[in-house]
Amino acid sequence: MSRDGFLPLANRRCVALRDVPEMRASDLGVELSSAVRDGWRIVSLFGTPESASLLRLIAVLARDDAGELVAATAIVPQEYPAIAAACHQALRFEREIAEQCGAAPTGAPPLVPVRRHAPDHAPSGWLPTVPDRDAFDVDVVSGEEVHEVAVGPVHAGVIEPGHFRFQAHGEEVLALEIVLGYQHRGVERLLERCERHTATLVAESIAGDTVIGHASAACGAIEALARSRKTPRAQAIRGIALELERLANHIGDLGAMSGDVAFQPAAAYLGRLRGECLNLLMTISGNRYGRGLIRPGGVGFDIPQDLAAEVVQRIERLRDELAPAIRLLFEASSVQSRFEGVGVVTGEQCRANGYVGIVARSCDVARDVRHDFAYGAYRFAQIPVASAWAGDVLARALVRRLEIQRSIEFLLEQVPALPRGAPRVECGPLQPSELVVALEEGWRGEIAHVVLTDAGGNVRRHKVVDPSFHNWPALAGAMPGNQISDFPLCNKSFNLSYAGHDL
Amino acid sequence: MLDLIRLRLRQRTRPADMSADGAALPERFRGRPTATDMARSRSLPVIDLGRSVFAPEELAERSDVAYSLDHRMAVSSREALVMDGGEIELAAALSERMRKVLGRSLRLRSVAAGSCGGCEAELTALGNVVFDMGRFGIQFVASPRHADGIVVTGAVSANMREALEKTYEAVPDPKIVIAVGACAISGGVFRGSGVVADGVPSSIPVDLWIPGCPPHPLTLLDGLLRLLGRL
C-alpha cells in the first residue's frame, strides 16, 4: 500500500527524479494535509532551484507504523499558494523554504526567520522575502503582572547559543519563544559544493554530539547514489558506533538531568560513565566522538578480533557499573518528584506536529527508524522500540534508560560476532538525476538526508533534517504552565541540538 | 543511605594524571603530528595545526610526518601552530603580573559562536570527576562580568559575531581570550562558507590557542595549566 499521487520510496533506495509525481502547489498543500490526518508525517519539505525563475519543492512523507515512505514534487514560481495554509505541519518547513530559496508563499501565517541568513538556494534573481531579520514570533501576552524574561544567546552554562523569551506571570510560564540561527554555518551549501572527502568532514560536523548519526546518513545517501554496496562487516561496525554514540549521549543526559535537580552522586557517576563510552569510540576510531570512522563505502577503521575482545570486556564493565548508578537516580524520591509531571508533551501534539525520536517515544508514539525503516545491521539485529506514555521529563528519562539497556545488549551481541568482509569498498561516481532519502535513527531521533543529483551526476541538493528541527517546537509547547525554574531541567530532558537545527 | 555510601566507595575517585607521561591514550588516538624517521633524513615537514581537523586522511599520504600519542599542543601564538620541522613551542605562562591578578583561580566564560557543539562537549567534560578542572581552581562562570576571560569555540558565525564582541567587552580588564578548536582558530571545516568569519576576528586578541577537532579534554587542561604556569 502506498499513498495515491505519491511515489513510494524506501530508505536509501534511489529513484529517478522524473518518476516523482508532480502536483500543483495548491494540491500539494491539500494532499499533505489529508495525509497528516491519515497518520503520515512530514520527513522533509524543501526547495531547490529548477530554472532561473522556478523553484522545485520536494515533499517526503512517512507513515511509521506501516514503514512507508513516499515523495511528491511541485514546481512553483516565486509567489505560490502556501502549503502551510492547508497543512499546519508544513509551516516551519515552508518558512525555511522562504528563507533559503527566497520564495513568497501567499495566504500563510506571516514569514518569520528560521535561522536569519540570506537565501542560499534561490533561483538567480530572486530577492529575499523574509522581511525583517530581527522579527520575532512572540505570542505577546499583556497584563499588569506579566513580565518577560529574555535569555541568551550567550547562556549561563557551557552550551550552544540560542535565544529564549519567556512571557511569565510570577514563576509560571505563559509562553516561550525560541529564536535560533546563531550557529548557522552554511552546512548544506558546503555539502553540495565540496568534494566528497571534505563533504564527509562537514557531515561529521553538523552536530558534534551526533558525528556518527549524521555522517552515516550522509554516506548512506551517497553510497546509494553511487550503487556502492557496503559489506555486512562495515554495516555492523556502523551499527556498533551508532549505539556507542547513543549510549554516550543517553548516559550523559541522565547525568546532566540528575545534576539539574541537584542530585550529585548520580550526576558524577553517570558523567564519568559517559566518558567511558566516548573512550570506547576513541579506541575504535582515534577520536572521542568517532570522527574518521564513517566514510563513503564503509568505515575507516576495522575492529580486529583482539580489539573486539577488549571492547566487549569494557562494555561488560560499563554495564555492571552503570546499573547501580542508574538505579540510584530512578529510586531517589527527590528526583522522582522533580521529574514527574514537568514539561508534558501529549501524543496528540506529537502526531499533529510530527515530533520524532525520544520525544515521540516518551508520549507513546512509537517511532524508530531502526525498526520502521530498518537498514544496515538493524535488518538482522532488531532492537525493540522503547517507549513510555506520560510525555514528561520522567518519561524521557525512562526511554533513555530502556534504550541504554537495549543498546548494551545489541553491542554485546554484535561486537563478538562481526561478519567477515572488507571494512571499506569502492564508492564511485553518482548516478545522474536521481533522488534518495537516507534515514538514520540518531540518538535524538530521526536524521534525514535527502540528496538530489543533476544531469552530470553532481550533488545538486543535499537537504539535512536534524531531529531537532522537528522537536524544538515541542520544547516551546511543553513549557506553558510550568515554572521558569523548571526550564533547565525540561530543556535538558529534550537536549536538542542548536548546531543541527541551524546548519 | 548505606547503599549510597557503598556505591560511592565502589565508584572510587578517578582524577586524570596531568604529569607529562600520565595520559594513557589508545593506539589509534590522533595527537600532535611529529616528524617520522623518514623526515629527519630529508627536508623538514611543515604543518599548520590551526587548520588541521586531525582527520586520518590528512597525513595518510605523507611519509615525513605522522600523528603521535602526544596530546599536548596548546600554544601562545597563531604562528606557533605552524609546526616547522615537526617541533612545537608549547604555550608559555602568563606574565607574572597577570598571574598575580588571577591568584589561585581562573574563571572563564564560554562563548559558542558557530560551532558544531563538539568543543563545548569537551569543555563540559572538563568538569567531570576524571578531568575535574575545579581541582586546579578553574571554573566556568555564568556571566562575563564574573570572568577573567572567555573561551571561544566555533568559526564565529555572522549571527554570533556581535554577541561575541559584546561578551568580550563585558569582561573586566585585564582579560584572557582562549580559542578552542580548529573552527575558532581558522574556521575549520566551515572555512570559506561565507557566513562565518573563519575563526576569532583579529579585533579580539587571543592568548591561548588550542587546536583539535575537538581537542581532547587533556589537551584543553594541559593548555590551561601551562597558561597558569602550573606545568
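## Two buried tyrosines

Tyr375(A) and Tyr378(A) are both buried in this predicted model. Their rings form an edge-to-face aromatic pair. The centres lie 5.4 Å apart, with 65° between the planes.

Tyr378(A) sits in the loop between helix 12 (369-372) and helix 13 (393-414) of chain A, while Phe410(A) belongs to helix 13. The pair therefore ties together parts that are 32 residues apart in sequence.

Why does Tyr378(A) count as buried? Its relative accessibility is 2%, and buried means under 20%. Phe410(A) is buried too, with a relative accessible area of 3%.

## Other rings and charges

Over all chains, the count comes to 8 aromatic pairs. Ring pairs also link a cluster in chain A: Phe164(A), Phe166(A), Trp472(A), Phe487(A) and Tyr498(A).

Two arginines lie over ring faces. Arg12(A) covers the face of Tyr375(A), at 4.2 Å from the ring centre. Arg396(A) lies over the face of Phe494(A), at 4.0 Å from the ring centre.

## An exposed arginine in chain B

Arg104(B) is in the loop between helix 3 (96-102) and strand 5 (106-112) of chain B. Its relative accessibility is 76%, so Arg104(B) counts as exposed. Beyond its neighbours within four places in sequence, Arg104(B) contacts Phe136(B), Gly137(B) and Arg230(B). Its C-alpha atom is 8.7 Å from that of Ile138(B), 34 residues apart along the chain.

## Confidence

The model scores ipTM 0.92 and pTM 0.94. Chain B averages a pLDDT of 89, and 94% of its residues score at least 70.

Key. Residues numbered from 1 in each chain as written. Chains lettered and ligands numbered in written order. Predicted model: local features only at pLDDT ≥ 70, side-chain atom pairs only at ≥ 80, totals over all residues. Heavy atoms only, no water. pLDDT = per-residue confidence, 0-100. Helix = DSSP H or I, 4+ residues; strand = E, 2+ residues; numbered from the N terminus. Buried < 20%, exposed > 50% of the residue type's maximum accessible area, 1.4 Å probe, protein only. Contact = heavy atoms within 4.5 Å. Phe/Tyr/Trp six-rings, centres within 6.5 Å; stacked < 30°, edge-to-face > 60°. Lys NZ or Arg CZ within 6 Å of the ring centre and 35° of its normal.
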